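Take a walk through this model, one feature at a time. Keep the sequence at hand as you read.

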Amino acid sequence: MHIRPRRLRRTAAIRSMVRETRLNVADLIYPLFVCPGEGVRREIGSMPGVFNLSVDQLVKEAEAAKGDGITSLIIFGLPETKDNEGSDAWAEDGITQRAIRAIKRDVKDILVIADNCLCEYTDHGHCGVIENNDVANDPTLKLLGKTAVSQAKAGADIIAPSGMMDGMVAAIRSSLDDAGLSEIPILSYAIKYASSFYGPFREAADSAPQFGDRRGYQMDPANVREAMREAELDVIEGADMLMVKPALPFLDVIRAAKEEFDLPLAAYQVSGEYSQIKAAGRLGWIDEERVMMESLTSIKRAGADLILTYFARDVARLI
Ligand code: PBG
């Protein structure tokens, strides 16, 4: 036996030398939830270590994350009041707009990505306007465009549409361009599945649909060819970056998207992925830190350039 793969596994130094995949802090995007009030830092029951934060606390969290080395955030808003159309989403003094302005004012050199969707802002919890008991695609596009413009005007560096409406990237692109914001990139949640792994997020963002579900617009988890078609459309419509969501249950989709498209590719390790690791870790059934690192390394190995993860600060402190 003169060929022995174990030779390269003998010591930590040699394993490190031949390691193919490494996480960098610059790969991580840290999701934050902003809520009304002052001095609010309310932990989400199903997501230990994740909080609803009022604007003042959000700024503190952003500052602390920056201290850990985090370079970019994505902001989700929980408005004071919800309505049928989700009008707080594009209000000049909407919760997200206030949050973005405060971070941009008080925290230097941190990228702010605005999640662009209506589900946190509508009283029915769907990602668009309701007509005949269904989410009406084209009337929703105008609202997404308005929302993107107001987010960019508040200081968002990147707009990330997550509603899975047909034509959302093109609509947002032309709204931004018409408003003189042609330099703002779009990170499209191009491939977003109708996943049960979003459960804890809907508690965090108070965005569970009040009737029906999202299978009429989010993708069937069984499909990968359709995922390529979704991504291709977004590329044609002008997306600057693509995202696959969730991440770990869809590693094959990440790999396929990486091979097919040249745009920077993000993957979202969603709330349910996070909560599973936290819960099993708390029970002592797994080693939380190692499973966290292994999951994120796997997502990167599959082809993700960027990872949205609630573990961002923990990882940043480790590496
Ligand atoms: C909604 C949105 C969702 C997530 C990000 N943006 C939830 C949904 O579609 O129900 C999920 C994130 C997570 O689960 O961590 N626009």
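Start at Met164, which is buried because its relative accessible area is 5%. Here buried means under 20% relative accessible area, exposed over 50%, and partly exposed in between, with a 1.4 Å probe and protein chains only. Met164 sits in the loop between β8 (158–161) and α5 (168–178). Its phi is near 60°, a positive value in a residue other than glycine.

A word on the ground rules. This is a predicted model, in which local features need pLDDT of at least 70, side-chain atom pairs count only at pLDDT 80 or more, and totals for chains, interfaces and linings use all residues. Residues are numbered from 1 along each chain as its sequence is written, and side-chain values use heavy atoms, with hydrogens and water left out.

Asp109 also has a positive phi, about 55°, although it is not a glycine. It lies in the loop between α3 (95–106) and β5 (111–116). Is Asp109 buried or exposed? Asp109 is exposed, at a relative accessible area of 74%.

The peptide bond from Lys245 to Pro246 is cis, with omega near -10°. Pro246 belongs to the loop between β10 (241–245) and α8 (251–260).

Now step back to the whole chain. It contains 11 helices and 12 strands. Helices (H or I, at least four residues) and strands (E, at least two) are DSSP runs, numbered from the N terminus. The radius of gyration is 20 Å, close to the 20 Å that the globule rule gives for 319 residues, so the chain is as compact as a globular protein of that length. That radius is taken over C-alpha atoms, and the rule is 2.2 Å times the number of residues to the power 0.38. Along its principal axes, the C-alpha trace spans about 70 × 45 × 40 Å.

How much of the chain is buried? Of the 319 residues, 55% count as buried.

Next come the charges. Side chains of opposite charge can pair when their charged atoms come close. A search of the whole structure finds 16 salt bridges. Each is a side-chain nitrogen of Lys or Arg within 4 Å of a carboxyl oxygen of Asp or Glu.

One of them joins Glu61 and Arg41, at 3.1 Å from N to O. This pair links distant parts of the chain: Glu61 is in helix α2 (residues 55–67), Arg41 is in strand β2 (residues 41–44), and they are 20 residues apart. Glu61 counts as buried, at 6% relative accessibility. Arg41 counts as partly exposed, at 41%.

Asp314 and Arg317 make another salt bridge, at 3.0 Å from N to O. Both lie in helix α11 (residues 312–318), 3 residues apart, about one turn of the helix. Asp314 is partly exposed at 25% relative accessibility, and Arg317 is partly exposed at 49%.

Which residues form a salt-bridge network? Arg41, Glu61, Asp68, Arg313, Asp314 and Arg317 are linked in one.

Finish with Arg215 and Asp213, whose closest N and O atoms are 2.8 Å apart in a salt bridge. Arg215 is exposed, with a relative accessible area of 63%. Asp213 counts as partly exposed, at 34%.
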